[in-house]
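Dear colleague,

Please find below the structure that I am handing over to you.

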Amino acid sequence: MTSENAEILHKINAYAEKALADIDPQKTPVSFQLETLKPVMEEIAKEKGMSVEDVFILYMDLASEVAVKAEEQFQSELNGGSPF
């Protein structure tokens, strides 16, 4: 992950922590959650010369990358540091 991508991910996640703090993500429609994140994505799109859709796709890719790494770390710890 590049430092620019890490910055984008951090900015969206920080915004989400504040904007979505009082909702239950399991009970709140994804469409509402995305609409809530739209202002920060629009801001990033403007700063980076990207479309909002491209920012959303990048965010989803980066969040998936982080989730995979976290799962790999978790599995490694469960297996006592062994990859198997």
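In what follows, a residue is called buried when its relative accessible area is under 20%, exposed when that area is over 50%, and partly exposed in between, computed with a 1.4 Å probe on protein chains only. Under this definition T28, at 16% relative accessibility, counts as buried.

The model is a predicted one, in which local features need pLDDT of at least 70 and side-chain atom pairs count only at pLDDT 80 or more, while totals for chains, interfaces and linings use all residues. Residues are numbered from 1 along each chain as its sequence is written, and side-chain values use heavy atoms, with hydrogens and water left out.

Nonpolar core

A nonpolar core is taken here as a set of buried Ala, Val, Leu, Ile, Met, Phe, Trp, Tyr and Cys residues joined through side-chain atoms within 4.5 Å. The largest such core comprises 14 residues, and I12, M41, I44 and V55 have the most contacts inside it. Three helices, α1 (3-19), α2 (30-48) and α3 (52-78), each supply at least two residues of this core. The largest share, five residues, comes from α2. Helices (H or I, at least four residues) and strands (E, at least two) are DSSP runs, numbered from the N terminus.

For contacts, the criterion is heavy atoms within 4.5 Å. Not counting residues up to four places away in sequence, V55 touches I12, M41, I44, A45 and M50.

Packing of α2 and α3

Two packed helices are described by the angle between their axes and the distance between the axes. For α2 and α3 the angle is about 110 degrees, and their axes are 9 Å apart. The two helices α2 and α3 are therefore roughly perpendicular to each other. The axes are lines fitted to C-alpha atoms, for helices over the stretch in contact, and angles run from 0 to 180 degrees between N-to-C directions. Angles under 35 degrees count as roughly parallel, over 145 as roughly antiparallel, 65 to 115 as roughly perpendicular and the rest as oblique.

On the α2 side the contact is made by L34, M41, E42, I44 and A45, and on the α3 side by V52, V55, F56 and Y59. Sorted by class, the contact of α2 with α3 has eight nonpolar residues, no polar ones and one charged residue. In this sorting, Ala, Val, Leu, Ile, Met, Phe, Trp, Tyr, Cys and Pro count as nonpolar, Asp, Glu, Lys and Arg as charged, and the others, Gly among them, as polar.

One of the contributors, F56, is found in helix α3 and counts as partly exposed at 29% relative accessibility. F56 touches L34 and M41, leaving out residues up to four places away in sequence. The C-alpha atoms of F56 and K27 are separated by 21 Å, these residues being 29 residues apart along the chain.

Salt bridges

Side chains of opposite charge can pair when their charged atoms come close. With a salt bridge defined as a side-chain nitrogen of Lys or Arg within 4 Å of a carboxyl oxygen of Asp or Glu, a search of the whole structure finds four.

E4 forms a salt bridge with K48, and their closest N and O atoms are 3.2 Å apart. E4 lies in helix α1 and K48 in helix α2, so this pair ties together parts that are 44 residues apart in sequence. E4 is partly exposed, with a relative accessible area of 40%, and K48 is partly exposed at 28%.

K11 forms a salt bridge with E47, with the closest N and O atoms 2.9 Å apart. K11 lies in helix α1 and E47 in helix α2, so the pair ties together parts that are 36 residues apart in sequence. K11 is partly exposed at 26% relative accessible area, as E47 is at 47%.

In E65 and K69, which also form a salt bridge, the closest N and O atoms are 3.6 Å apart. These two residues, E65 and K69, are four residues apart in helix α3 and are separated by about one helical turn. Salt bridges that share partners join K11, E43 and E47 into one network.

T28 is placed in the loop between α1 and α2. Not counting residues up to four places away in sequence, T28 touches I23 and Q33. Q33 has its place in helix α2 and counts as buried at 17% relative accessibility. Leaving aside neighbours within four places in sequence, Q33 is in contact with L20, I23, P25 and T28.

Yours sincerely
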